[in-house]
Amino acid sequence: MRTVIFDLDGTLADTSGDLIAAANACFRGLGLGDLLDPARDAATALRGGRAMLNLGFSRVTGVEAGEVDRQYPVLLEAYAQDIDTHTFLYPGAMLAVDQLKSDGYAVGIATNKPERLAEQLMRSLGVRDVFGSLIGADTLPVRKPDPEHHFEAVRRAGGDPVRSLLVGDTATDRDTSRNAGVPSVLVTFGPGRDDVLALDPEATIDDFAELPGVVAGLIS
């Protein structure tokens, strides 16, 4: 079966607001105040928890070595407690997913968000059951850009890795697709459009309405 695997953060949903809120909770706990701005730092948020912590700590002095590792589990717990206040699915995302399924494609998710948090978020958004698989950062011994992360998401969705592609928004997604030997489609409506275009994927989309037609041209 032909299969389309989606990244989650920055691809299906804008999760940056809740991620930044969780990071700022860590900084406030250390008496540093809110070090990240939801608008200015959205692109960093979509690169993950450690990226946010590193950016925030770079804006102050006197941070002890190892503080990122100490604060990372604190961030995850803060995020789990308030995971969907600001998060929203991108316009047209689920319409495109439903159309792909109607066209005979299997669909799944491969994300570097921890599996329990990805499951929690997708259920909170009410769309988990639409996808045939969900592989998180800790589901396997490897994570993106290791191609096995993509392959396992395809297999669990009931598809054939040879007839698959990856929809994402970052260099990690592009590298995953290259390592897997499959096409990538990168979305350009999140933060950093120029950076996405520079990654030279097989295709880009400015709107989810374009995705079913693009996928049909890439998977035989």
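D200 is in the loop between α9 and β8. When I say helix or strand, I mean DSSP runs, H or I of at least four residues for helices and E of at least two for strands, numbered from the N terminus. D200 has a positive phi, near 55°, and it isn't a glycine. Most residues other than glycine have a negative phi, and most peptide bonds are trans. D200 counts as exposed because its relative accessible area is 55%; the cut-offs are under 20% for buried, over 50% for exposed, and partly exposed in between, with a 1.4 Å probe and protein chains only.

Quick word on where this comes from: it's a predicted model, where local features need pLDDT of at least 70 and side-chain atom pairs count only at pLDDT 80 or more, while totals for chains, interfaces and linings use all residues. Residues are numbered from 1 along each chain as its sequence is written, and side-chain values use heavy atoms, with hydrogens and water left out.

Back to the backbone. The peptide bond between K144 and P145 is cis, with omega about 20°. You'll find P145 in the loop between β5 and α7, which is residues 147-156. T139 belongs to the loop between β5 and α7 too. Which residues does T139 contact, leaving aside neighbours within four places in sequence? They are E115 and R156, where contact means heavy atoms within 4.5 Å. T139 and E115 are 24 residues apart along the chain, yet their C-alpha atoms are separated by 6.3 Å.

That takes us to α6, residues 115-124. Its buried residues are L117, A118, E119, L121 and M122. Among the elements covering them are α4 (67-81), β4 (106-110) and β5 (134-135). An α-helix has 3.6 residues a turn, so residues three or four places apart point the same way. Just after α6 comes G126, with a positive phi of about 80°.

Another loop worth a look is the one between α1 and α2 (42-45), where D41 sits. Is D41 buried or exposed? D41 counts as buried, because its relative accessibility is 4%. Not counting residues up to four places away in sequence, D41 touches I20, L35, L36, L55 and R59.

Now the aromatics. A pair of aromatic rings is described by the distance of the centres and the angle of the planes. The rule here is that rings of Phe, Tyr and Trp (its six-membered ring) pair if their centres lie within 6.5 Å, and planes under 30 degrees apart count as stacked, over 60 as edge-to-face, and the rest as tilted. There are five aromatic pairs in the structure. One of them is F27 with F57, edge-to-face, at 5.3 Å centre to centre and 75° between the planes. This pair links distant parts of the chain, since F27 is in α1 (residues 16-29) and F57 is in α3, 30 residues apart. F27 counts as buried because its relative accessibility is 0%, and F57 is buried as well, at 8%. Then there's F189 with F208: the centres are 5.3 Å apart and the planes are at 50°, so this pair is tilted. F189 is partly exposed, at 27% relative accessibility, whereas F208 is buried, at 0%. Together, F88, Y90, F189 and F208 make one aromatic cluster.

Last topic, pockets. Rolling a probe the size of a water molecule over the atoms shows where empty space is left. A pocket here is an open set of points on a 1 Å grid over the protein atoms alone, where a 1.4 Å probe fits, with protein on both sides within 12 Å along at least five of seven lines; lining residues have an atom within 4 Å of a point. How much space lies in the largest pocket? About 500 Å³, the volume being the space filled by probe spheres set on the points, which are joined across faces, edges and corners. The largest pocket has 26 lining residues, and R47, G48, N112, K113 and R143 are the closest to its centre. α4 gives the most to that lining, with four residues.

The second largest pocket holds about 250 Å³ of space. It has 15 lining residues, with A43, D169, T170, P191 and G192 nearest its centre.
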